[in-house]
Every structure is written in C-alpha cells, then in structure tokens.
Amino acid sequence: MIVDIKQKTKFSVQSIQQSIRVNFNYEVYFTNNILNLKNPTLAQAIAADDEKKPKKVVALVDAGLLEFWPDLLWQLTNYTKFYAEVLTLAVEPMLVPGGEAAKNEPKLLEKIHQLIETAGLCRHSYVLGIGGGAVLDLVGYAAATAHRGVRLIRIPTTVLAQNDSGIGVKNGINAFGKKNFLGTFAPPYAVINDSAFLTTLCDRDWRSGIAEAVKVALIKDTNFFDFIHHHTTDLAQRDMDSMQQMIYHCAQLHLEHIATSGDPFEMGSSRPLDFGHWAAHKLEQLTDYKLRHGEAVAIGIALDTTYSYLLKMLSHSEWQLILKTLVELGFKLYVPEITKQSSPENLPCLFQGLNEFREHLGGELTLTLLQKIGKGIEIHEVDLSLYKQAISLLRESEKQQQMLVTINRGER
Ligand SMILES: NC(=O)c1ccc[n+]([C@@H]2O[C@H](COP(=O)([O-])OP(=O)(O)OC[C@H]3O[C@@H](n4cnc5c(N)ncnc54)[C@H](O)[C@@H]3O)[C@@H](O)[C@H]2O)c1
Ligand SMILES: [Zn+2]
C-alpha cells in the first residue's frame, strides 16, 4: 500500500531539488614485476596527473608478502628514487598484518590515519596499498576517510584481490561481529595487477579467488563458466596462463557490472555480484575466519545452487555440473559450522546471515539464485525448511562429487 503523506495534513513543505552527477574514471593495469625499474606502470599511473611536482606517497604493505618477497621494501624505495621526478615516499612504508586480522583490529585503522597525518599527505597525494583483499579493504577505508578521501592506488597480490575485491569501488573493516560493517564506496585512483605476485600464493589463496569467477560466470556468462569448467585441472594445478585469462575476464565482468548496472554504489537492494555471499559472510564469522572468503563463497554458491535446484528453477544436470566444477577446482562444499544450531530458535545460526545480509543491503531481502548457468534471478522470500533440505542434500552431494573426482583422478 502506498501512503499519500501529503493528504494527512495541510502543511506545505518547502524544498530545493539538488541533483549531482559525478564521473569516476580509473585504469586497471595488468603487468608483471611492477617494481622492476624498467617497468614504468606505477610511475605512469601517477604521472597521468597534470601537476608537475613529485607526488607524496605513503605505502602500506601486507606483512604476509615479505616472507616471499623479502626485497619488496628495498625495491619500492629504489623504484621511488629512480622515478623521483614523479613520486617520493613521504615516510617509511608501514607493514600491515595480512589476512582477515587486518579487518578485525580497529587500532590498525588509527595507525594508518596517523601515518597519513604524520606524512603530511594532502588530497592530491597517494596512498599505495600492496597486498591481499583484506589489507586493501582496510587501507582503502583509511584512505577514503583521511581528509575525506586521499587518492588510492591498489596493487592487489592475491587472485581474489586481482579479479574482484581490489578492482571495485568498496572498502571496509569488520565491527560488532559483522563483516564489512564499517566502510565506504570510494573508487580507487588506479589499480595495478601484477601477475608475478601470484607465484608465491599458497594453494588455498591461489584457489580461493577462483570462487568469485565461478560466481560471476554463473550469474552472467555461460561461455565463461564453460571456460572455467574446461580448465579446472589447469587452474587447480597452477597453470599461470589459464589463471591470467580467468583473472582478466572475471575483472572485466565485475568492472562492466559496476559501470553499467546503474547502481555502482549499491543504493538499491539488488546485488547480483553477491550471489552466494549471504551464507559466505556468515560462515566466515561462524568459523572464526578460518575459512578464506573465497572458500566460504564456494560453499555459499553450492548452497544457493542446491536451493535453486530444489525450487525447480535449475535443472538437475546443471546443478550437478556446478558442484562438480567446484569440487574439481579443489573446493570443499560443506563445513560442520553450516548446521551449528542457535538456541532458542533451534535453527542453524547460518540463517541469521539472511537478516544480516538484508540489513547490510537495506530495503527488502533480495537474494540472487540461478535460473540456469549464466543467468541469475532475484527472489525476495525464502523457505527456511527448504533451505534446511538444501543443506542436507548438499552434504550428501558433496560426498558423492568428492568420491567421483578422486576416482577420475586415479584413472587419469
Ligand atoms: N571490497 C570488496 O569489494 C571485496 C570483495 C570481495 C572480497 N573482499 C574481501 O577480501 C578479503 C579476502 O581477500 P583475499 O582472498 O585476497 O585474502 P587475504 O587478504 O585474507 O590474504 C590471504 C593471505 O595471503 C597473504 N598474501 C597476500 N598476497 C600474497 C602473495 N602474493 N604471496 C603469498 N602470500 C600472500 C596474506 O598475507 C594473507 O595471509 C576478505 O576480507 C573479503 O571480505 C572485498
Ligand atoms: Zn566475495
């Protein structure tokens, strides 16, 4: 029912209609060995600015990288000296603990703000974030809130950060036990994806980001899903060429969606790129962040795919093909926390994730499910008893798929 408020009283309201249009443009570069002195990508990204003076830069680096890239800080300093006419490091780079810890420790935010203040950065200076999605989310939030927004250059170093989290317009940290409770929409100044970083990822982080590619393929692009499905072995066995193709196309689909969906800052309730994410975010929290974001997304996709099948939206063969693809990529599709009960409701705690998801989006509950591979569909109501069935069915189906994949591998 639409309420006509004007009819209720005779009070006349005076107003001025304000309308603002803002265009954001940023480049997402793909390169190799970004800090090699012969590679001008980073200097070029900064020199694109018309002001001629060298720009002040503050660098925040994922501490997890240093174990594998011990010369990284030295290389960064060397690079800024070589391109001194373009950029200058205003202070020593700061190390930020890698992984979800970066988003769970509020003091880190303050430390980064303090560093930006000490370095005397202005809104035309640059914050350089080098690391995985978690560090970039924290650094992005700090950069967006210091002086109401300092220019941010992201250098994502994981698959997930290069194909999804690091190229988009969001940042955030966790608070009050909720994922990304604090954060802003703030497009970066530039993003530079360096494939060399991918070589040192552990198998879990190599695989984790592939879940976001499966997600976007399932809701938007059948051919891309076919590509992933035909390259599961290459991807699982760390074939760099397949990985780079996958990252490029996944990034392209995410960027296209942000640019053309008509809702880049998610003012409405629809969020197709969050397919599988209501359960993923809750599972990350229920497992004390032992599950990587991408690993949780793979389970969320499997669950919502199974629910789509039970709703008779998705065919049996497509449902099975999706589970098979995820298992062949090496994902687990079930963790015990998925059925952890919450007293007194006697329902899985997981289902609280539905309300938290709705709250985070605002407006009415909107979930994306699958109509077929390559086509998502939005729904606004859920049947919890059918979701419970989906959980049990997923448990059984995952066991079968894991067995089949093991047999197939043995036969090869
Ligand atoms: N802002 C967004 O739009 C958005 C979208 C999706 C996900 N996310 C967020 O991204 C985060 C997950 O990011 P992630 O998957 O990149 O994991 P991550 O940032 O948690 O990093 C995982 C681990 O890899 C290490 N690492 C990083 N680069 C490395 C390298 N090149 N070699 C070796 N180790 C390396 C890190 O130190 C860390 O220990 C989650 O917090 C998730 O919520 C944000
Ligand atoms: Zn995600």
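How far does a polar side-chain atom of T158 lie from an oxygen atom of ligand 1? The gap is 2.5 Å. Polar contacts here are pairs of N or O atoms within 3.5 Å.

This is a predicted model: local features need pLDDT of at least 70, side-chain atom pairs count only at pLDDT 80 or more, and totals for chains, interfaces and linings use all residues. Residues are numbered from 1 along each chain as its sequence is written, chains are lettered from A and ligands numbered from 1 in the order in which they are written, and side-chain values use heavy atoms, without hydrogens and water.

Stay on ligand 1. Select K179: an N or O atom of its side chain sits 2.7 Å from a ligand oxygen. Next, F197: a polar backbone atom is 2.9 Å from a ligand nitrogen. On its own, ligand 1 has 870 Å² of accessible area (Shrake-Rupley, 1.4 Å probe); the protein covers 90% of that.

Now show the whole shell. It holds 24 residues (a heavy atom within 4 Å of the ligand); D62, E100 and G133 are among the closest. Colour by helix (DSSP H or I runs of at least four residues). α2 (63-66), α6 (133-145) and α7 (159-165) each supply at least two shell residues.

Zoom out. Colour domain 1 (27-200) and domain 2 (207-411), with bounds from an automatic or database assignment. Their C-alpha centres lie 29 Å apart. Select the contacts (heavy atoms within 4.5 Å): 24 residues of domain 1 meet 31 of domain 2.

How values were computed: A polar contact is a pair of N or O atoms within 3.5 Å; within protein, one must be able to donate a hydrogen and the other to accept it, and residues adjacent in sequence count only if both atoms are side-chain atoms.
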